[in-house]
Amino acid sequence: MSDGGDVVSTGSTTRETGSTTRETGSTTPDTHRKATRVVVLAGGLSHERDVSLRSGRRVAEALREAGAEVEVRDVDADLLRFLGTDAPDCVLPLLHGETGEDGAVREVLELVGLPYVGSRPSACRAAFDKPVAKAVVARAGINTPPSVALPHETFRELGAAAVMTAIVASVGLPLIVKPARGGSALGCTVVRDATALAGAMVNAFAYGDTALVERLVVGAEVAVPVVDTGDGPYALPVVSIEPDGGVYDYAARYTAGSTEFRVPAKLTDELAAECARVAVAAHEALGLRDLSRSDLMIDDDGTVWFLEVNVAPGLTETSTVPLSVSAAGLDLGELVADLVRTAVERHH
């Protein structure tokens, strides 16, 4: 569930009003100490492979500038042999999509006893499954749009026409239909007329067995990274997302000139603080650690709605997390180095 875009408008790098930021510890390399060895996992076999590779290259370069010794590796049959032959100090999974965000790779890293940056496998599974994540954050008192999750078999066996009629009557229009598990807005369709719902369901099922049909929140879309380098989770500046076509779909994320980001977002102090609160609350409710990014909507009444959370957010040159890190006055390499240090200390 990475993000991207090409037209970027950044604001001042002073602290965003209404959001909590703090300085990370110094990671100036000590020439008398051995450099920390980090293996960055990038690539994988998901639909988001290319974005993952871009994230991996960007972070590897930033970590090297912060004094770490870094190697970028793909996930393949040679990975465990490589890790077992010369174990690194830490592994940094930057795998987007199902193979990187469902917790499976992290489960294997725990099996072989290697420290890694990021959330535990069980938390990843809950966060990656959008209906599960929505249920968890709703129990924590966070607003999330009304929705229904429908497996393909149920949709077919109960009669597609009858099910769609019930959906429109219950959830209402406009809707957004998306795969229950997946990212980069692949398989997502906005439905403003009931006649378009069938095609939207087919599109979602092309990317997974279960579709999430959710009431579309009309308003401003924002992204809020949350980091924890050992002193508790805190929100970085809110990033506003302004796609030319009004919908932040796959084309808007990865087509040059189609989306503008603003950071800090042009929000009141109170609204920025509420976005930060919701992102941190979602991070904590789902039991996440180290780094996450919550995608939120702000409706015309000023209500903040949780859409989803990403445990492996994009870290490319145009992703929202690096933009937010920069707006907070932080260095991406130093921040990631602090996350690596936290992971190593936690393991020991």
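**Close-up views of a predicted model**

**View 1. Val278 sits in helix H11, residues 269–285.** Helices here are DSSP runs of H or I with at least four residues, strands are E runs of at least two, and both are numbered from the N terminus. Numbering starts from 1 along each chain as its sequence is written, and side-chain values use heavy atoms, leaving out hydrogens and water.

**View 2. Val278 meets Ile142, Leu296 and Val304.** That list skips residues up to four places away in sequence, and a contact is heavy atoms within 4.5 Å. For Val278 and Ile142, the C-alpha atoms lie 6.8 Å apart, although 136 residues separate the two in sequence.

**View 3. Asp331 occupies the loop between helix H12 (320–327) and helix H13 (332–347).** With a relative accessible area of 39%, Asp331 is partly exposed.

**View 4. The whole chain, for context.** There are 13 helices and 14 strands. Of the 348 residues, 54% count as buried. Take the contacts between residues at least 6 apart in sequence: 72% of them join residues at least 24 apart.

Technical notes
Predicted model: local features only at pLDDT ≥ 70, side-chain atom pairs only at ≥ 80, totals over all residues. Buried < 20%, exposed > 50% of the residue type's maximum accessible area, 1.4 Å probe, protein only.
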